[in-house]
Amino acid sequence: MKLGARILKTGIAIILSLLCAQLIGLPSPVFAGIAAIFAVQPTIYRSYLSILEQIQGNTIGALMAVIFVLLFGNHVFIIGLAAVIVIIITLKLKLENAIGLSLVTLVAIMETPGDTFIQFALIRFLTIMLGVLSAFLVNLIFLPPKYETKLYLQLSNSTTEITKWIRLNIRGASEHKLLKNDIEKLKESTLKIEQLYLMYKEERNFKKNNLLKTRKLVIYRQMINTLKRALDTLKRLHRFENEISSLPDDLQNIMQQQLDCLIHHHEHAMLKFISKVRPNVFFDEGDVRLNRKELFNIFLTYQMQATKDWEDTNYHLMQVISAIVDYDEYIEHLDVLITSYQSYHKEENALTLTEDQL
């Protein structure tokens with residue numbers, strides 16, 4: 001299991017909350033540590049939203065605890081009823097994420113009523129708030145997340161994996177079952193990339209926004225969409241590999257060369273974004289240059305010349321050609337976006353990666 005930044009931040013938040021509670025002299029500092037666990041979030045923006053929710057949830061729990069103890073006492077059934085009421089209120093106020101901490105506050109206050117109950121409730125409330133604030137402070141200062149670097153690296157790795165399989169599949173060199181398993185893994189990887197993008201987007205929105213950051217968001221969104229088109233192309237090649245292998249050799253060679261050009265273009269665009277390659281190159285394989293219109297015209301010509309026995313093959317081949325054309329259009333648009341970005345922001349690198357990360 002990999003030791004991530006959030007795990008470390010949780011530990012630091014617990015330590016900080018417990019130390020602060022002990023320094024102030026608050027009784028039962030353990031509640032500050034518990035509150036810190038609830039409040040640690042993966043991004044600064046989510047931590048900001050969380051602290052607002054936790055403050056409201058903590059307040060609701062404390063108020064309900066005081067009201068129920070003063071009116072009905074602290075019998076276990078009363079505590080359970082109060083917990084149900086707190087859950088209903090937090091759900092009505094759309095504070096689902098604060099339910100856990102509000103219940104902790106409720107039970108912590110209702111467990112020991114006495115002559116100084118109001119003072120006791122206030123101290124418990126402040127103890128839990130100390131834990132929430134400690135977690136927010138840790139999230140703000142320690143180990144700030146670098147979601148852009150993670151996002152690009154995962155996009156780059158997934159692109160490399162998909163293009164590798166496309167090269168092997170179009171040459172009939174892939175093992176069917178193994179590729180099927182890897183396609184499922186690539187689908188899961190794409191979902192994780194989209195989650196990373198959302199976290200990165202939240203961080204950018206939390207900080208001061210400007211044109212540079214907005215352009216980056218657009219480029220990363222296009223990178224994800226292009227990756228999806230590449231994966232869709234791979235899935236269709238895999239699904240209809242028998243039909244493709246039955247095509248005439250000259251048509252198979254043209255498709256192979258076009259896909260090789262397309263893959264080179266995609267890889268070039270990804271490296272171009274981090275300024276690792278020359279910006280302007282031609283993509284060709286032998287006598288074939290990347291041209292989706294030419295590929296489509298060749299397919300139409302083949303379709304008109306084919307006999308009725310090839311109708312099913314033509315239908316399946318049309319899906320493959322459609323996926324390739326769509327993939328090509330998305331790569332072309334990605335290249336345009338990156339070129340525009342670099343022309344307007346020459347003094348600012350898109351992303352800086354170390355040699356170990358590449």
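Guide: Let's begin with H316, which, once its neighbours within four places in sequence are set aside, is in contact with F240 and E243; contact here means heavy atoms within 4.5 Å. H316 sits in helix α13, which covers residues 311-344. Helices (H or I, at least four residues) and strands (E, at least two) are DSSP runs, numbered from the N terminus. Although 72 residues of chain separate H316 from I244, their C-alpha atoms are 8.7 Å apart.

Before we go on, a word on what you're looking at. This is a predicted model, where local features need pLDDT of at least 70 and side-chain atom pairs count only at pLDDT 80 or more, while totals for chains, interfaces and linings use all residues. Residues are numbered from 1 along each chain as its sequence is written, and side-chain values use heavy atoms, with hydrogens and water left out.

Now to R236, a residue of helix α9. Ignoring neighbours within four places in sequence, R236 contacts Q319, V320 and A323. Take V320: this residue and R236 are 84 residues apart in sequence, yet their C-alpha atoms are 5.8 Å apart in space. R236 counts as partly exposed, at 25% relative accessibility. On that scale, buried means under 20% relative accessible area, exposed means over 50%, and partly exposed is in between (1.4 Å probe, protein chains only).

Another residue of α9, the helix of residues 211-239, is T226. At 0% relative accessibility, T226 counts as buried. Apart from neighbours within four places in sequence, T226 touches H266, Y327, Y330, I331 and L334.

Let's step back to the whole chain for a moment. The chain holds 13 helices and two strands, and 45% of its 358 residues count as buried. Among contacts between residues at least 6 apart in sequence, 78% join residues at least 24 apart.

With that in mind, turn to α3 (residues 44-72) and α5 (residues 99-110), which pack at an angle of about 30° with their axes 8 Å apart. The axes are lines fitted to C-alpha atoms, for helices over the stretch in contact, and angles run from 0 to 180 degrees between N-to-C directions. The pair is therefore roughly parallel; angles under 35 degrees get that label, those over 145 count as roughly antiparallel, 65 to 115 as roughly perpendicular, and the rest as oblique. The two helices cross in a right-handed way: a crossing is right-handed if the near helix is turned clockwise from the far one by less than a right angle, and left-handed if anticlockwise.

Which residues make that meeting? On the α3 side they include Q54, G57, N58 and F68, and on the α5 side they include L101, S102 and M110. The residues of this contact divide into nine nonpolar, six polar and no charged. For that count, Ala, Val, Leu, Ile, Met, Phe, Trp, Tyr, Cys and Pro are nonpolar, Asp, Glu, Lys and Arg are charged, and the others, Gly among them, are polar.

One more residue of α5 to look at is V107, which is partly exposed at 42% relative accessibility. The C-alpha atoms of V107 and A62, 45 residues apart along the chain, are separated by 9.1 Å.

Helix α3 also packs with α4 (residues 76-92), at an angle of about 145° and with the axes 10 Å apart. Here too the crossing is right-handed. The residues involved include I60, M64 and F72 of α3, and I78, L81 and T90 of α4. In this contact, 10 residues are nonpolar, two are polar and none is charged.

Helix α2 (residues 30-39) has F31, A32, G33, A35, A36 and A39 as its buried residues. What covers them includes α1 (5-24), α3, α5 and α6 (117-141).

Last, a look at the backbone in two loops. Most residues other than glycine have a negative phi, and most peptide bonds are trans. S28 has a positive phi, near 55°, and is found in the loop between α1 and α2. S28 is partly exposed, at 28% relative accessibility. S275 has a positive phi too, about 60°, although it is not a glycine, and lies in the loop between α11 (249-273) and β1 (284-285).
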